[in-house]
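Hi there,

Here is the structure I promised to pass on to you. Have a look at it first, and then read my notes below.

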Amino acid sequence: MAFIWIIIMLISIAALIFADPSAVLSSMITGANGAVSLALTLVALYGIWLGLFEVLEGTGIADKLAGLLRPIVRRLFKGESEGTEKFVSMNISANLLGLGNAATPMGIGAVGSMKRGKNRAVATTNMIMLVVISATSLQIFPSTVISMRAAAGSANPADFLLPCIAATVTSTIVGIIGVKLLGRFFEKREAKKERRRNAETPEITEHPIAEKNTGTIKPPRKNDFIISAGRHGE
Amino acid sequence: MTIYIVPLIFLTVLGISFLRKKDAYTAFVKGAGSALELMAGVLPYLMAVMIACELFRTSGASAVFSRFMSPALEVVGIPGELSELVLLRPLSGAGSLSVLENIYATYGTDCFIGRCASVVYGSSETVFYVSAIYFSKSEVRNLRYAIPLALVAAFIGNIVGCNLCRLI
């Protein structure tokens, strides 16, 4: 993401320096303003949906929904806690209903609560799975486009629906398979690297007298000389 | 039909809460309270993404890239006229919406191009926005193959959808 962003910025700004330098600042201002007004709209929407979700939590409906989706969620997201699974099923349900703005807070909660890997700054396979599923769009009914077509005078605004559903389902399935395959591929690579690392530096077993990691040798303690002999000296 | 979804959801949830004698008011207030904090986390990412997208569009770089992409798209069955839409869709929802409007105005809605454009817009998401936002509350900075995979998957979906439009 960082890489793509900087590339886009550099290319665009460089191009604008030749084409219309004053547009650099004005475009950035337009973009920033767009972000602020979008953020304001979103605060309102998030407020509505987060409020609803809190009520939902209290009624226990969220748990029922999570129960319904649990088999799928468990298959796709291995090894996460119940709380995370709940976030994920809420995110998926909201996306399916076409409520992208309701799904986002749930998605953020899900990613935030997922188990981390060794390096906290690197996305885990489950995080990638959730992002790919959301980014390939689960929305079955593209209401925005249909309304726009109707507004533009289409005789049959929803006639593209079947190819559209096929497209969105295909993209999501391809995404899921991709995450599973790539996830397994990278995990195997990591395991191979770990094995190689362990083979090169064999684990040094505990020396009873010299303490690990200190420069000085500590005087041996009484217990250091008791040979581990099973129960009562067998 | 779908206009009933949201009202029914609210009615059901609030109704059940009422019937089960839960305090919906306090719960709602508590939930809504976290929206501002959420937005505070999301806004910086929104800024970064939208500034980049606006610059990309105004600089004409997106137009140039699109012209390069057209022949490649034709090969897989996507009309070349849609290349700016295909390029912009993962980058910017608002930007691609205006490109869609342009396409309707130029080519019409009820033709092959118009339908394909609807499929491209309706079947994919703003990949960069989603990726940035979803990770905004975690310390994760390295997204690995998430974005490339999502882009490829969306593109394959576009190919399938557009080619199916030929059958209409």
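Let's begin with chain B: of its 168 residues, 50% count as buried, where buried means under 20% relative accessible area, exposed over 50%, and partly exposed in between (1.4 Å probe, protein chains only). Please keep in mind that this is a predicted model, where local features need pLDDT of at least 70, side-chain atom pairs count only at pLDDT 80 or more, and totals for chains, interfaces and linings use all residues. Residues are numbered from 1 along each chain as its sequence is written, chains are lettered from A and ligands numbered from 1 in the order in which they are written, and side-chain values use heavy atoms, with hydrogens and water left out.

Chain B has 8 helices and 0 strands (DSSP runs numbered from the N terminus: helices are H or I with at least four residues, strands are E with at least two). Its radius of gyration is 20 Å, well over the 15 Å that the globule rule gives for 168 residues, so chain B is more spread out than a compact globule (taken over C-alpha atoms; the rule is 2.2 Å times the number of residues to the power 0.38). The C-alpha trace of chain B spans about 60 × 40 × 30 Å along its principal axes.

Now to chain A. Ala158(A) sits in the loop between helix 7 (143-151) and helix 8. With 32% relative accessibility, Ala158(A) counts as partly exposed. Its C-alpha atom is 9.0 Å from that of Ser147(A), 11 residues away along the chain. Arg196(A), in turn, lies in helix 8 of chain A.

Happy exploring!
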